[in-house]
Amino acid sequence: MEKVTIFDVARRAGVGKSTVSRVMNNDENVKEETKIKVLEAIKEFNYIPSASARGMRAGNSRVLGVVASRLDSPSEIRAIRGMLEIIYSKGYDVVLVESLFDDEKTKEHIAMLINKKVEGIIIFAKSGMKYDYLKKIKIPVIMMAQEVEGFTSIVYDDYGAIEKVLENFHNEGVNKIAYLGVDLQDETTGYRRYKAYEDFVNKNKLKNISKFGDFSYKTAYNLTEELVKNEVEAIVCATDNLALGVRKYLTDKTITDIKVSGVGNNELMEFFYKDHISVNLSYKQAGTKAANLIFDMVNNISVDKLIVMESELIKG
């Protein structure tokens, strides 16, 4: 069977080739009756234009690059879903790669994306990583989750998230509160979230009971044993993943009088623990925001340099 072309679709719909292109690019000026005819023809032929072909006709690639740090990160996956909804709705394609927090791998990915002539790049930035080399390229770049000087950055309310949880416990009369975090070299999830805890206990003259590890459930499980020795009333976790490890330990040891909170509003935690306390950091909304902003930048529309997403306390 011969490959279906845009001319075949145009012929079946009784319109010109340019009208088919306008429909595929969501041109609002196409009459609804014409649009329906074209869409029916596209469906009949199962016509899917390649990204490269679209790019040749439009004079650009109609492709964006997304550099994730970890594709097993629930927060990044939510943000990426938000991006894809916007990107696909505008008829663009995506090249998605994973950096694994590796500087050299990130540079290799960026070089590949530039070679593919992507129109914009969204990067989940790593704390401490240098991105100065990106200032020399003419492609719009947005940084996610970290504020990077010289680039438009979308960040989360890391300090405020922990602050909201602590104030909630304090208002309930809970004062012996432990904190389970991650490496403080991580500027956001590590340092800023812990700083909120440190400032809170200092302000209220409470004991600082804190432990730090990696992002894994197993590490959280093991560190919980150390925290409960302090006869704590609550354990505030830097993420919902850590909270899941804490919950597993408490369940295994039949400890029921310690409150647990996390950050991320993970659906799994809500499903297993109806009393779980978390903070919604608007991950998906951040992805949606990033996609809309990158299109503004592609179209030479000025955007804010720093966008801080709102946080919301979620109580089961």
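Is Leu 100 buried, partly exposed or exposed? I looked it up: Leu 100 has 48% relative accessibility, so it counts as partly exposed. The cut-offs are under 20% relative accessible area for buried, over 50% for exposed and partly exposed in between, with a 1.4 Å probe and protein chains only.

Before going further, a note on what I'm reading: this is a predicted model, where local features need pLDDT of at least 70 and side-chain atom pairs count only at pLDDT 80 or more, while totals for chains, interfaces and linings use all residues. Residues are numbered from 1 along each chain as its sequence is written, and side-chain values use heavy atoms, with hydrogens and water left out.

**Entry: the loop**

I placed Leu 100 in the loop between β2 and α6. Helices (H or I, at least four residues) and strands (E, at least two) are DSSP runs numbered from the N terminus. Leu 100 has a phi near 55°, a positive value in a residue other than glycine. Phe 101 sits in the loop between β2 and α6 too, and its phi is near 60°, again positive without being a glycine. Phe 101 is partly exposed, at a relative accessible area of 35%.

**Entry: the open sheet**

Next I traced the sheet. I found 6 strands in an open sheet, ordered β2-β1-β3-β4-β5-β11, with parallel pairing. Two strands pair if DSSP finds at least two bridges between them. β2 (93–98) and β11 (306–308) are at the edges with a single partner strand each, so one side of each has no neighbour in the sheet. From one strand to the next, the twist averages 15°. For angles, axes are lines fitted to C-alpha atoms (for helices, over the stretch in contact), and values run from 0 to 180 degrees between N-to-C directions.

Gly 65 has Ile 121 as its bridge partner in β3.

Helix α5 (residues 74–89) packs on this sheet and touches β1, β2, β3 and β4 (141–144), its direction making about 160° with that of β2. Contact here means heavy atoms within 4.5 Å. Helix α6 (residues 103–115) lies across β1, β2 and β3, at about 160° to β2.

**Entry: strand β6**

I turned to β6 (residues 177–182), where 6 of its 6 residues are buried. Ile 177, Tyr 179 and Gly 181 point one way, and Ala 178, Leu 180 and Val 182 the other. In a regular strand the side chains alternate between the two faces of the sheet.

β6 pairs in the parallel sense with β8 (residues 234–237) over 4 bridges, and Ile 177 has Ala 234 as its bridge partner there. β6 also pairs in the parallel sense with β7 (residues 209–213), over 5 bridges. In β7, Val 182 is partnered by Gly 213.

**Entry: the largest pocket**

Which residues are the closest to the centre of the largest pocket? I noted Arg 70, Ser 75, Asp 186, Thr 189 and Phe 215, out of 34 lining residues. The pocket holds about 670 Å³ of space. α5 gives the most to the lining, with 4 residues; α5, α8 (187–203) and α10 (240–252) each supply at least two.

Technical notes. 1 Å grid on protein atoms, 1.4 Å probe; cavity = no way out; pocket = protein on both sides within 12 Å on 5 of 7 lines; lining within 4 Å. Points joined across faces, edges and corners; volume = space filled by probe spheres on them.
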